[in-house]
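Subject: Structure for you to look at

Hello,

Here is the structure I said I would pass on. My notes on it follow below.

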Amino acid sequence: MAPIIEMRNVTKVFGGPIGSPKATVALDDFSFAVDSDFPHIITIAGESGSGKTTMMMLILAFYEPSAGQILYNGKDIWKKMSRQETMDYRRNVQAVFQDPFAVYNPFYKVDNLLSIPIKNFRLARTKDETQALMESALRRVGLRPEETLGRYPHQLSGGQRQRIAVARALILQPKLLIADEPVSMVDASLRATLLQHIRDMNQELRIPILYITHDLTTAYHVSDYIVVLYRGGVMEAGDVERVIRDPKHPYTQLLVNSIPWPDPNHLWGEAAEAKRAGTAVLAGCRFADRCPHAFDLCWKEKPELYRTNGSQVAACFLYQSNDKLERKDLGTLFIKK
Amino acid sequence: MNTNVKPVIDIRNLKVYFYVKAGTVKAVDGVTLAIEPGVKLGLVGESGSGKTTMALALMRMVRPPATIEGELFLDGVDILKLSEEEMRRVRLSELAMIPQGAMNSLNPVMRIRDQILDGMIDHGVRMSRSEANQKVEELLDIVELPKKVARMYPHELSGGMKQRVCVAIAISMRPKVLIADEPTSALDVVIQRQVMETITRLVKNLNLSMILIGHDMGLMAQSVDRIAVMYPGKLMEVGDVRDIFAEPLHPYTQALINSLPVLGKRGVFNGIPGVPPSVINPGPGCPFNDRCPKVIEGLCIQKMPPFREIKPGRWVACHLYEGVN
């Protein structure tokens with residue numbers, strides 16, 4: 001097993017040291033791995049405040065973990081790395097961000113966004129080579145270079161800009177792509193096209209992708225596996241088809257029943273939620289205050305990850321008689337032999 | 001649908017134009033639409049299709065030099081002909097709006113209680129202090145918020161709670177029609193569902209009509225009775241929600257519904273190639289002609305098809321249904 005990125009017991013707190021009453025725990029003892037030998041699309045799903053963006057920022061080394069390690073090809077990214085290693089890491093771990101308006105400098109032509117990485121990583125020797133690289137990347141995401149290059153960001157639509165952002169990541173041929181809500185600000189008719197490009201990229205270039213979203217309908221569509229986060233902890237993880245069709249954790253059940261499926265014959269299911277929300281849960285399960293099935297143990301101890309079947313785990317005491325999966329081995333769930 | 005009932009909102013050939021350097025922006029270009037009492041209508045369209053402009057035009061909040069033409073009947077009265085003062089009284093008391101990004105439309109330095117009462121007092125409702133308090137409590141209760149919210153400021157509330165406050169303000173004078181412009185777009189799925197269920201319950205209990213504006217077909221499928229599909233400036237199709245999903249007639253509606261992710265068809269992506277047209281100086285033809293898989297050469301690019309009722313309650317603007325009666 002050769003994980004490209006591995007997170008080992010990573011905790012990130014804001015606003016104070018770990019354990020301080022003022023600190024907010026954004027991610028709590030989180031372990032995860034992405035294996036480049038198995039280029040799957042893995043969704044990290046959760047509502048706002050679940051820690052999904054924190055996780056992305058940690059992988060991109062924009063935040064330093066409060067505890068735990070983040071390894072790139074087995075090396076801790078916060079220990080001293082040579083310049084060569086840093087460049088290698090920066091090049092191979094790429095991201096597409098949520099807002100297709102904010103990533104552009106309005107004073108520069110969109111070519112700038114594409115040519116900077118080519119220059120920084122010396123991917124081309126001549127201007128013609130640069131041009132050829134940019135054009136082939138744009139074609140790959142379904143844009144016509146002659147209609148795109150030489151324009152300013154405001155002259156392009158949100159969908160076009162987001163596709164250029166994907167093209168930028170493509171130029172670098174990364175080993176891991178992190179897509180943070182890439183379609184949430186794109187119109188419905190273009191959404192499917194953009195997701196198709198992401199899927200193609202994953203399959204043709206064999207790049208593993210972390211798809212970060214709160215939208216379970218697109219997650220279901222685009223990804224192979226899913227990790228459901230809630231208040232910084234993993235609630236459920238596994239094969240996306242199983243998790244969405246047969247969610248085991250009461251939180252996932254609540255989420256899945258609240259998905260607005262575009263089908264008048266498939267209306268919102270029952271929303272099982274206890275109205276004790278707001279009660280502080282210090283020691284136990286994070287979801288205990290909202291959980292309709294919570295019992296004594298849930299308030300006292302944190303549940304481990306219990307296997308509900310071969311490719312699905314739930315952090316819930318309802319399944320405590322099942323086999324355990326060690327938290328640090330969560331990454332092994334996403335490897336299909 | 002009962003066709004004998006008099007519509008509460010009757011829009012006839014509504015046109016909203018903006019004038020910019022590059023030409024005329026025909027944001028809403030000849031929309032005809034009627035809404036019966038108690039009906040929830042979903043107005044869907046992509047960004048730039050004119051759905052928010054429609055909402056503003058209904059409230060008559062489009063300022064000159066932009067122009068509104070056509071007829072806009074609210075309970076038989078053409079509100080485009082009212083004086084500004086008469087129109088001001090209609091807003092909130094008969095026609096209320098939950099604005100887009102309602103969470104940011106509350107005044108940060110005013111207590112929730114005063115913001116709820118503000119509109120009512122301005123519309124001449126006279127109340128003693130205890131009556132006012134009682135009214136605020138009653139409204140907060142209707143939108144499922146605790147009493148203590150009355151004394152709070154907006155920053156003390158979560159997004160979902162602020163949204164509920166906006167709903168409370170909108171229904172404070174029991175309007176006939178509620179216009180909700182993407183009321184849940186910034187909320188998480190669970191909260192979105194709770195807020196939406198509150199809104200639909202209110203609409204039912206108070207027997208309001210609602211226009212729900214949005215781009216999320218999923219939310220529409222869950223919460224409205226009828227759907228109107230907009231494509232830059234024009235209505236493409238109107239019908240009952242089940243009919244639209246079961247048998248979309250207009251090629252744009254067909255492509256849109258085909259592009260949606262549904263349970264059971266994982267990994268199938270059907271995007272609509274191309275991009276929506278500009279609304280600045282649009283051509284004479286159908287706005288969808290350059291992306292339409294069923295385009296009729298020489299006709300669709302030349303002539304906008306009429307928006308016709310082809311069967312009771314089902315309207316479509318497409319040359320393919322020209323002969324259908």
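Two strands are taken as paired if DSSP finds at least two bridges between them. Please keep in mind that this is a predicted model.

With that criterion, strand E1 (residues 3–14) of chain A pairs with strand E4 (residues 67–72) of chain A: the two run antiparallel and are joined by five bridges. Within this pairing, Arg8(A) lies opposite Gln69(A) of E4(A). E4(A) also pairs with strand E5 (residues 75–76) of chain A, again in the antiparallel sense, and here there are two bridges. Leu71(A) is placed opposite Asp76(A) of E5(A). E4(A) and E5(A) form a hairpin with two residues between the strands, and Asn73(A) has a positive phi near 50 degrees there.

The secondary structure of chain A consists of eleven helices and 13 strands. Its C-alpha trace spans about 70 × 55 × 40 Å along the principal axes. Of the 337 residues in chain A, 47% are buried. If one takes the contacts in chain A between residues at least 6 apart in sequence, 61% of them join residues at least 24 apart.

Chain B has nine helices and twelve strands. Along the principal axes, the C-alpha atoms of chain B fill a box of roughly 70 × 50 × 45 Å. For 325 residues, a compact globule would have a radius of gyration near 20 Å, and the 21 Å of chain B agrees with this. Buried residues account for 46% of the 325 residues in chain B. Among contacts in chain B with a separation of 6 or more, 64% are between residues 24 or more positions apart.

Last, the interface. In chain A, 33 residues are in contact with 30 residues of chain B. On the chain A side, the elements that give two or more residues are helix H7 (188–204), helix H8 (216–222) and helix H10 (250–257). H7(A) provides the largest share, eight residues. By residue class, the chain A side divides into 16 nonpolar, twelve polar and five charged residues. The size of an interface is often given as the accessible area lost when the parts come together; the figures here are residue counts.

Regards

Methods
Residues numbered from 1 in each chain as written. Chains lettered and ligands numbered in written order. Predicted model: local features only at pLDDT ≥ 70, side-chain atom pairs only at ≥ 80, totals over all residues. Contact = placed C-beta atoms within 7 Å. Helix = DSSP H or I, 4+ residues; strand = E, 2+ residues; numbered from the N terminus. Nonpolar A, V, L, I, M, F, W, Y, C, P; charged D, E, K, R; others polar. Buried ≥ 20, exposed ≤ 12 C-beta atoms within 10 Å, placed from the backbone. Rg over C-alpha atoms; globule rule 2.2 N^0.38 Å.
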